[in-house]
Structure formats: C-alpha cells, structure tokens
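Please read them beside the sequence and the coordinates.

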Amino acid sequence: WTIRRAPLPRGVQGDICWPTRTITVDPRLPPAVQRCAIAHETEHAHRGPLPADPVLAAKEEDLVERAAARRLIKLHPLGEAMAESDDLRHVAHLLDVDPALLRARLAHLHPAETAHLRRRLDG
C-alpha cells in the first residue's frame, strides 16, 4: 500500500483506491486530522472493501472508525490527557487526534477501560 497526499473533494478526508492499493489524504487538513484519516483508511485496507449493501456498509464504517480510534488512542495516554482537561477538543489535541475519533474511542470503551479511567480521574 502507498500513502499519498493530494487534494480531495470538500468534506473528504481520505480515500482508498483498491486497484492501485493507494490511500490518499488531503494535505490541506490539519496534521491530526490527516493522521486519523490515514488510520481510518489503513483499517479499510486491512478489512477489505465496503459491502455494497448500505446498511452493511454503514456498520463496517462504524467498525473501521472504532478500530482506528483504538489504534491511535491508547488507554494510558487517554487517562493522562483526560486528567489534564475535561474539554474534549483539548484532550483530542493532547492525543494528536481529531475530536470525532476521540468521541468514537470514548463511546466504545470496554468496561475495564472505563473502570481504569474512573480510577485515574478520581485519584
């Protein structure tokens, strides 16, 4: 797989081309957003093309976003960033991710991860 940077249509952060095995990311985006887009598209590359069925495709997009979030946001740094600030935009900045990816990570924490974060934030 090759990662290239090239302008993409407005609202598109990243794209994947299966025949050329190329991931394209828009260089006009902030670095943290580019990083998240690369993680997202890389996860697509690992999992395979989206299903043709729109319902299954939406489910796959959700799974890809969860996996990308887990890949980029490890539990210990998440706890440290959350201990520093309760502003999600600031936490995302500290973790070098975009707020959307941070929200995806937080929305799908394992119960043990939630317990770890509660202990970290309470102590």
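1. His-44 is buried, because its relative accessible area is 4% and the class of buried means under 20%, with exposed over 50% and partly exposed in between (1.4 Å probe, protein chains only). This histidine lies in helix H1, where helices (H or I, at least four residues) and strands (E, at least two) are DSSP runs numbered from the N terminus. Not counting residues up to four places away in sequence, His-44 touches Ile-16, Trp-18, Leu-50, Glu-61 and Val-64, a contact being heavy atoms within 4.5 Å.

2. On the basis of these notes: this is a predicted model, in which local features need pLDDT of at least 70 and side-chain atom pairs count only at pLDDT 80 or more, while totals for chains, interfaces and linings use all residues. Residues are numbered from 1 along each chain as its sequence is written, and side-chain values use heavy atoms, with hydrogens and water left out.

3. Leaving out residues up to four places away in sequence, Asp-26 touches Ala-6, Pro-7, Leu-8, Val-12, Gln-13 and Gln-34. The C-alpha atoms of Asp-26 and Arg-89 are separated by 21 Å, the two residues being 63 residues apart along the chain.

4. Turning to charged pairs, the structure holds 8 salt bridges, a salt bridge being a side-chain nitrogen of Lys or Arg within 4 Å of a carboxyl oxygen of Asp or Glu. In one of them the side chains of Asp-96 and Arg-35 meet, at 3.9 Å from N to O. This pair links distant parts of the chain, 61 residues apart, with Asp-96 in the loop between helix H4 (88-95) and helix H5 (99-107) and Arg-35 in helix H1 (residues 31-47). Asp-96 counts as partly exposed at 37% relative accessibility, and Arg-35 counts as partly exposed at 30%.

5. Which residues are linked in a network of salt bridges? They are Arg-70, Arg-105 and Glu-113. Glu-113 forms a salt bridge with Arg-70, with the closest N and O atoms 2.9 Å apart; this pair links distant parts of the chain, Glu-113 in helix H6 and Arg-70 in helix H2 (residues 54-72), 43 residues apart. Glu-113 also forms a salt bridge with Arg-105, where the closest N and O atoms are 2.9 Å apart. As for accessibility, Glu-113 is buried, with a relative accessible area of 10%, and Arg-105 counts as buried at 4%, whereas Arg-70 is partly exposed at 37%.

6. Two packed helices are described by the angle between their axes and the distance between the axes. The axes of helix H3 (residues 75-84) and helix H6 (residues 111-122) come within 9 Å and cross at roughly 35 degrees, where axes are lines fitted to C-alpha atoms, for helices over the stretch in contact, and angles run from 0 to 180 degrees between N-to-C directions. The contact is made by Leu-75, Leu-78, Gly-79, Glu-80, Met-82 and Ala-83 of H3 together with Glu-113, His-116, Leu-117, Arg-120 and Leu-121 of H6. These residues divide into 6 nonpolar, 2 polar and 3 charged, with Ala, Val, Leu, Ile, Met, Phe, Trp, Tyr, Cys and Pro counted as nonpolar, Asp, Glu, Lys and Arg as charged, and the others, Gly among them, as polar.

7. Leu-121 of helix H6 counts as partly exposed, at 40% relative accessibility. Leaving aside its neighbours within four places in sequence, Leu-121 is in contact with Gly-79, Met-82 and Ala-83. The C-alpha atoms of Leu-121 and Arg-28, which are 93 residues apart along the chain, are separated by 36 Å.

8. The axes of H3 and H5 come within 13 Å and cross at roughly 110 degrees. These two helices, H3 and H5, are therefore roughly perpendicular to each other, since 65 to 115 degrees counts as roughly perpendicular, under 35 as roughly parallel, over 145 as roughly antiparallel and the rest as oblique. In this contact Leu-75, Leu-78 and Met-82 in H3 meet Leu-102, Arg-105 and Leu-106 in H5, and by class there are 5 nonpolar, no polar and 1 charged residues.
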